[in-house]
Amino acid sequence: MAFAAEAQSGATNKLPYSDLREFIHVLEKTGDAVRVQAEVDWDGEAGAINRRLYEMAGPAVLFESIKDYPGGGRIFGGSLGTYRRVAVAFGQPPETPIRELYRIYEERMTRPVEPVFVPTGPVKEERFLGDAVDLNELPAPMVHDGDGGRYLGTWDLVVSKDPDSDWMNWGMYRFMIHDRNTLAGFPLPTSHLGTILREKFVPRQQPMPVAIVIGADPLCHVAALSTFKWGVSEAHMAGGLRESPVKLVKCETSDLLVPANAELVIEGEILPDATTPEGPFGEYSGYRTGKVTGGVMLRVKAITCRRRPILTMISLGMPLDDNAVAVSMSAALTIKERLLRKSLPVLETYVPAHSCVFMIVVQVSRGGRRVTKQILDVLTERRNFMSKILVVDADIDPFDINAV
């Protein structure tokens, strides 16, 4: 992973915020975030309020007083739960049309920006190592009634590294508290983290260092959610989305680099020869989609954080929510790139966030049976999760579902 020294970068932040706290302030000014100072219960209440706000297309919410955590616990939910908040994250007016947001996303992804290394940052304000680690001191929410436990990692950013190269990967994976220094995680075996674990660390019987980052700036989380090829640095892509470099700082217990302006970082190792019960967890379908399974076991070695850290949360359910909005944009542009590589006459692609990424609209400059069949072949040559593939001519606005 290449990075530059901060003093040599000469880059300035073009966004109206540099971290999550400033982003929340900007959202408050546009009417897209509210603060709740009354005490809220971590056990189901915070998650239910956040879920209901998604369903009402309401604001993001910062809970400033969490039951059982007087003076210390804060939870923020709904960072990117509407396209208005995505627009603000991109530094645009809240009313920016979806088509324009897609254009900005696509354009910035073509211009990655190298991260910069800094010796320290806000996430190092407080440090807890070894026996001082106690995950129960953090106000992790019970997001849904019936979840397997309290989830610290829902809207997170998980850093891992290929041991045979300098590539560091960011992904978004859920992690549930097992005990005071153990987390149970659920990275899919086909994910980049799952692949590195399965192919590199398990055969060597070596623990896998990881860092769970909570409360980075929203575009860092977008980069972690996006679908990139093996070896692509999400830190560089996040810099492109931000149009300024991400400041990275070294972990306390490994060589992993994490965003210096994050709220909290959990450092640990995934054990190669152990599992621990994980789940179930309420999912995008509006139901618990699985049972208790053997999740990866992560032994926590250190926690670093800002003073009074803000935990970020997503209450998954029927869209719209942060996951549906961010993933749909990433999926649409990944598919557009695939189709263009096949020299197909594609103008735009749009995945409606309400479709749970099971529907795509493809706008073409010239249509007909042959072009439609070619698009279908490309999109179904691998695992196909789309139940609806709609191809429209150039006179139909693909972002207008009524027109489609």
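Helices (H or I, at least four residues) and strands (E, at least two) are DSSP runs, numbered from the N terminus. This is a predicted model, in which local features need pLDDT of at least 70, side-chain atom pairs count only at pLDDT 80 or more, and totals for chains, interfaces and linings use all residues. Residues are numbered from 1 along each chain as its sequence is written, and side-chain values use heavy atoms, with hydrogens and water left out.

**View 1. The whole chain.** The chain has 10 helices and 20 strands. Its C-alpha atoms fill a box of roughly 65 × 50 × 50 Å along the principal axes. Of the 404 residues, 56% count as buried (under 20% relative accessible area; exposed is over 50%, and partly exposed lies in between; 1.4 Å probe, protein chains only).

**View 2. The hairpin of S10 and S11.** Strand S10 (residues 175-179) runs antiparallel to S11, joined to it by four bridges; two strands pair if DSSP finds at least two bridges between them. Two residues lie between S10 and S11 in this hairpin. Asp 179 stands opposite Thr 182 in S11.

**View 3. The two faces of S11.** Strand S11 covers residues 182-185. Thr 182 and Ala 184 point one way, Leu 183 and Gly 185 point the other way, and all are buried.

**View 4. The pairing of S11 with S16.** Strand S16 (residues 293-305) pairs with S11 over four bridges in the antiparallel sense. Leu 298 in S16 is the bridge partner of Leu 183.
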